[in-house]
Amino acid sequence: MLPLALAILWVLAFGSAQMTTPYNIGDPLPISLDPGELPYYLMRSFLRMAAGLVFSLLFTLVYATLAAKSRYAEKILIPLLDVLQSIPILGFLSITVTGFIALFPGNLLGVECASIFAIFTSQAWNMTFSFYASLRTVPHDLEEAAAMFHLSIWQRFWQLELPFAAPSLIWNMMMSVSGGWFFVVASEAITVNSQTITLPGIGSYIAMAIAEKDLSAIGWAILAMLIGIVLYDQLLFRPLVAWADKFKFESLPGEEIPTSRLLDVLQRAKLVRALGAIPAFFWEWSLVLFHKRTDGLSKSGEKSFRLPWFDRLWTVFLLGLAAFAVYRIGDYVRAEVGLDEVLHVFLLGLITAVRVIVLIAIAAAIWVPVGVWIGFRPRIAQTVQPIAQFMAAFPANLMFPVAVILILHFNASVEIWTSPLMILGTQWYILFNVISGAMSMPSDFRAVADNLGLKGWLRWKRMILPGIFPSFVTGAITASGGSWNASIVSEMVSWGDTTLMATGIGSYIADNTQKGDFPRIALGVAVMCCYVMLFNRQVWRRMYRLAEERLRID
């Protein structure tokens with residue numbers, strides 16, 4: 001462990017020093033296509049991804065818990081999460097980059113923070129939806145056990161809810177990291193005051209290779225990304241998956257369990273155990289300190305503070321706030337771009353919506369059976385895990401040369417054949433969540449189905465689909481939101497000087513971002529949010545409620 005620990009410390013120290021070098025807007029940050037520079041670029045992107053993952057995890061634990069525990073907060077936080085998920089990375093960057101740069105004037109750290117924030121926005125929403133869904137579907141018998149032990153809110157979170165949600169959360173952390181790699185090009189090439197800042201990293205390297213039509217450089221970039229994903233898998237996710245297996249709802253004798261050589265070394269290293277004793281002491285101390293003040297038997301512990309009139313007042317307040325926001329946005333849009341432009345953008349959004357619906361349906365038909373087959377075989381899941389991570393992280397930008405060349409060669413329709421680029425990075429949300437749902441399905445379900453002789457469609461209808469349905473809906477929500485985001489880079493593809501543009505709201509936002517037309521960028525982002533909110537509310541949220549109410553495992 002000593003060489004590995006020293007290497008990690010050196011990478012953190014050296015990378016942090018590179019992120020805080022003096023820099024002024026307008027100074028060039030040259031990017032070289034020399035393959036020898038790729039280890040350095042990989043390290044910089046690696047650190048940004050790690051920082052984004054840490055902030056995403058903290059955000060998930062706080063935001064999802066508050067939404068799941070408070071019905072008043074839920075009315076705001078869950079719809080707000082739909083909105084945040086639907087805002088594209090370019091929208092976040094255009095709003096926040098100036099503020100981050102102002103926080104650290106004359107220093108590269110401001111631009112680095114903007115890039116990390118963009119990566120955060122590509123990771124956090126999926127993890128938050130997953131954790132929220134897990135908190136809402138804790139089995140009743142575990143809830144009753146927690147009540148019998150008189151666990152406080154703090155004890156209940158750390159000893160029941162977080163452990164129960166850990167396996168699913170870790171799988172979605174993998175997916176979120178892959179989503180961050182998918183958008184790494186947009187997060188490392190930042191435009192400020194009509195100037196593009198290309199931070200050293202794999203994303204900037206890929207963007208320059210595409211601009212220069214350098215196929216060999218693209219090949220080296222793919223190899224570097226593969227190495228980065230393998231490192232993430234072996235150093236972080238495989239140990240986490242093996243460690244979290246003890247939190248499974250139930251296990252059977254003789255069942256294959258995931259393993260990790262690094263986890264074995266960590267658990268056997270005396271120094272690691274000694275260092276782990278420090279946070280373990282404070283954690284145990286907090287469980288004692290924040291215990292339940294009552295025994296749960298007295299009347300004071302049974303009082304309910306629900307006030308129906310406050311519920312109605314809270315709903316009226318939210319409706320009034322929403323009406324005021326709609327009025328201000330409508331007034332701004334009418335003054336800046338006109339109502340005809342608004343109708344045109346809504347039509348563009350409808351075209352993109354049709355693409356998203358068709359692609360999600362195709363992805364579900366393909367990956368749900370594959371995910372169930374993998375999830376029922378834990379050993380195969382371990383083998384498939386890094387492969388799926390690499391495929392999920394594969395940036396759509398690297399497929400632009402193939403798409404442009406094939407479309408021009410066969411004179412194919414841009415409107416149809418650029419659409420698959422939207423689903424390349426987002427279809428894996430469905431696969432990962434279905435695998436997680438299949439792995440966490442109680443084995444007594446499968447045993448009963450075998451005893452009853454359920455086969456074919458009847459087995460899927462009575463056992464498999466109900467068992468994985470909550471996980472599938474969570475994956476479909478994040479996949480649809482990711483597809484809307486991916487439309488920005490997929491409906492307008494470039495290879496050197498050749499640019500192909502499909503009709504849709506994604507190409508509208510991308511085109512106006514290049515022109516620096518902020519009112520139309522704001523209009524495109526707002527309309528995209530409306531469509532995603534409508535889509536999530538009317539389709540996926542109703543399906544989620546169905547999963548929660550009718551298909552809950554008791």
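These are my notebook entries on a predicted model of one protein chain.

**Ground rules.** I number residues from 1 along each chain as its sequence is written, and side-chain values use heavy atoms, with hydrogens and water left out. Because the model is predicted, local features need pLDDT of at least 70 and side-chain atom pairs count only at pLDDT 80 or more, while totals for chains, interfaces and linings use all residues.

**Overall make-up.** I looked up the secondary structure and found 23 helices and four strands. Both are DSSP runs numbered from the N terminus, helices being H or I with at least four residues and strands E with at least two. The chain has 554 residues, and 48% of them count as buried. Buried is under 20% relative accessible area, exposed is over 50%, and partly exposed is in between (1.4 Å probe, protein chains only).

I then checked contacts (heavy atoms within 4.5 Å). Of those between residues at least 6 apart in sequence, 81% join residues at least 24 apart.

**Aromatic pairs.** I found 20 aromatic pairs in the structure. Rings of Phe, Tyr and Trp (its six-membered ring) pair if their centres lie within 6.5 Å; planes under 30 degrees apart are stacked, over 60 edge-to-face, and the rest tilted. F281 and F282 make an edge-to-face pair, because their ring centres are 5.5 Å apart and their planes stand at 75 degrees. F281 is exposed, at a relative accessible area of 53%.

W484 and Y531 are stacked, with 5.8 Å between centres and 20 degrees between planes. W484 belongs to helix α21 (residues 456–490) and Y531 to helix α23 (residues 518–550), so this pair ties together parts 47 residues apart in sequence. Both W484 and Y531 are buried.

I also noted a cluster in which ring pairs link F59, Y63, F100, F117, F120 and W125.

**Charge over a ring.** The charged end of R446 sits over the ring of F376, 4.1 Å from the ring centre. The criterion is NZ of Lys or CZ of Arg within 6 Å of the ring centre and within 35 degrees of the ring normal.

**Largest pocket.** A pocket is an open set of points on a 1 Å grid over the protein atoms alone, with protein on both sides within 12 Å along at least five of seven lines; lining residues have an atom within 4 Å of a point. Which residues lie nearest the centre of the largest pocket? They are L235, L236, P239, L240 and L266, out of 41 lining residues. Helices supplying at least two lining residues each include α1 (2–19), α2 (38–69) and α10 (215–244). The largest share, 10 residues, comes from α2.

Methods
1 Å grid on protein atoms, 1.4 Å probe; cavity = no way out; pocket = protein on both sides within 12 Å on 5 of 7 lines; lining within 4 Å.
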